[in-house]
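Open the model in your viewer and keep the selection tool handy.

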Amino acid sequence: MKKIVLIMLAVLCLNGAASAASKKNVKQTNPFLTAYTTKYGIPPFDKIKYEHYMPALKAGIEQQNKEIADIVACKEQPNFENTVLALDNSGETLNKVSYVFMALVESDNTPEMHAIAEEFMPLMTAQNDDVYMNEGLFARIKQVYDNADALGLTPVQKRLTEKYYKRMVRNGALLGTEQKNELKEINKKQSEISLKFTNNVMKEIAESIIWVDNESRLNGLAKNTVEDAKRLATEKGQPAKWAFTASASTRLDVLGSADDRDLRREMYETYTNTASRDNERNNSSNINQLIKLRQRKAQLLGFESFADYAVDPVMAHTVEAAEDLLMQLFVPAIAKVKEEVKDMQAYADAHGGNFKIAPYDYYYYAAKVKEQKFNFNEEEVRPYFEVNSVLKNGVFWAANKLYGITFTELKDAPKYNPEVTVYDVKDAQGKHLAVFMTDYFPRPTKAQGAWMSEMASEYNYNGHSERPIIYNVGSFTPPTAETPSLLTIDQVETMFHEFGHALHGMLTQAPFRGLSGTNVDRDLVELPSQINEHWAWVPEVMKNYARHYKTGEVIPQELVDKIQESSKFNQGFMTTELVGAALLDIEWHKLNWCGDIDVKKFERSVARRLHMPEEVQFRYRSPYFKHIFDNDQYSCGYYTYLWAQVLEADGWERFKTEGAFSQQAADDYRHFILEAGDTDDPMVLYKKFRGHEPNADALLRNRGLK
């Protein structure tokens, strides 16, 4: 013990003399602090270690602070280049480390990453506050904003300037010192609490096990699901049993296919009680704290509620407009639910079910009614939806046909996990467009769900071009020793959905980082993802990817017809649970209440006011509603999925009219939506593509609700 102390003292004594050498050594050994030498600048994941994150973060903060100080101290009059563009391009090291960290903390959240996150996230939040509340920086941004015409700014330069001006105002630039300090403390606390919220959800999902010791209880389940449950049980030392978690692919198969009603009920209750049990992972306190902090933040910034603050800068502009859209969908949806439940109850009664349909019966009996009505069981099509075929012969093939882009696997590229696949994306002329990564299967350390993000952003100004690195993450049915990954219809749609986001990121041609790719209003960001789902079911595309994994046989036309005929089935349920969740989100953020709220009672009161059918619950209960509680990106913004679906349904009608592979429609869509980023008002861009403003009728027709 004494020897260790003496060694540490010696190191400290030498530190002053060796500081330059030690800094140089750190720079040489920390991959984030040197230029990446990998092809296309892919992060060298094989060289990145846990101990690299915090030094790189701190170095990145120091670098950006110096860059901001240089902008503020600039003796020249503020203009676009020396102020707005300089801000947009600041923080290169900070971006490098945060891109990688944010990707891995969601997709490979080991205990080590979790520990780092507790220090990393508050520092990131504080840095964001320091930049956007910097008085000297705001004064220069405001001067450019106020004198945009006199300075001769182009429309796109004006757009970026306006974006930073409004962002700084929304982040407290106009507040006094005392109020700024209070807002910084609010943001810091929010970051800490949101991290706790998310970790509680991930741990509960991974560790809440449903044990089955009687094989007869597994009747109806997909072979992959059963094999995966056996593997998990064996890993946990119970090889004679089956172990199920409530991860998405497993949960949906159990709820939709398990003949054992008690197993369905166990799965439903396990999932819907996530992070709301009487233990240390209960998120009720975290929700209450976040709601109060957000309410206070909104008040500081001059808004009556956080809902008003959240909706103000996007396409809806008012809470009333968002709610109006949702109710246009909700009312016909709950009417449709009554028809769906009536059909399910009749089926259950006719087949010996001496019970009233409950929420955990919905998926199962919906599938039974669907099979009866359309002579169609979704398990019939899974052998035709092998994951690699769906990706390469479906997703990639359609993108090539529409946009001329190609995908070549980079087998030697660095990967953050062995399950990741990396592709070189090129345009029709063979020019590099982007790097694309896929990571499709669940892991205990991976968050639930599916998403898209980036490892590097696009930049294309004054002859200097940098192309993006984009990735898709999923939680699809994993392969087993005997069977490849066979997707459900929902998972096929999810793959196309997330790839729509990826196209938005990969094809962008915006000149500035702050306007590129998916850096658009939340109202618009889901348009490319949702419209891309349609190509999954275009017969020409299906015939190309839907091939039996054993025989190579193309999916029979009979099954294609059944998929098409049944596509609007159960849309009452799907729409009600989605709109219900969006309305619940808004209700949370309309609150102006200083006391603690019983989360379950609040949810029940919202459901009663909405006349939510008792057989349908919110898509996400509040304690695991990560969209709205693990950060502010979708807080009081879950409704934007529906807003974007209005755009998507209306936009798809152009392709229906002109043809799914109409080159003119594809070119216009690529130019005005996928490439444009945030270079213009989203409604202006949409109307340039579509020719008119959208309305909800197309979505109602698309869902069979009108």
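Start by selecting Arg 619: apart from neighbours within four places in sequence, Arg 619 contacts Tyr 271, Met 574, Glu 577, Leu 578, Ala 581 and Tyr 638, where contact means heavy atoms within 4.5 Å. Arg 619 sits in the loop between helix 24 (599-610) and helix 25 (626-629); helices (H or I, at least four residues) and strands (E, at least two) are DSSP runs, numbered from the N terminus. Arg 619 counts as partly exposed because its relative accessibility is 24%; buried means under 20% relative accessible area, exposed over 50%, and partly exposed in between (1.4 Å probe, protein chains only).

Residues are numbered from 1 along each chain as its sequence is written, and side-chain values use heavy atoms, leaving out hydrogens and water. Colour by pLDDT, the predictor's confidence in each residue from 0 to 100: the protein averages 92, and 96% of the residues score at least 70. Residues 1-26 are below 50, with one contact beyond near neighbours in sequence. Where pLDDT is low, the predicted coordinates should not be read in detail.

Next, select Phe 385 and Tyr 545, which touch the most other members of the 165-residue largest nonpolar core. Such a core is a set of buried Ala, Val, Leu, Ile, Met, Phe, Trp, Tyr and Cys residues joined through side-chain atoms within 4.5 Å. Helix 15 (residues 319-350) gives this core its largest share, 13 residues. A second, separate core has 39 residues, including Ile 42 and Leu 410.

Finally, turn to the largest cavity, with a volume of about 40 Å³. On a 1 Å grid over the protein atoms alone, a cavity is a set of points where a 1.4 Å probe fits but cannot get out, and lining residues have an atom within 4 Å of a point. Grid points are joined across faces, edges and corners, and a volume is the space filled by probe spheres set on the points. Select Asn 288, Ile 291, Lys 292, Trp 588, Leu 591, Trp 593, Gly 595 and Ile 597 to show the lining of the largest cavity. Helix 13 (residues 284-300) supplies the largest share of that lining, three residues.

Methods. This is a predicted model: local features need pLDDT of at least 70, side-chain atom pairs count only at pLDDT 80 or more; totals for chains, interfaces and linings use all residues. On a 1 Å grid over the protein atoms alone, a cavity is a set of points where a 1.4 Å probe fits but cannot get out, and a pocket is an open set with protein on both sides within 12 Å along at least five of seven lines; lining residues have an atom within 4 Å of a point.
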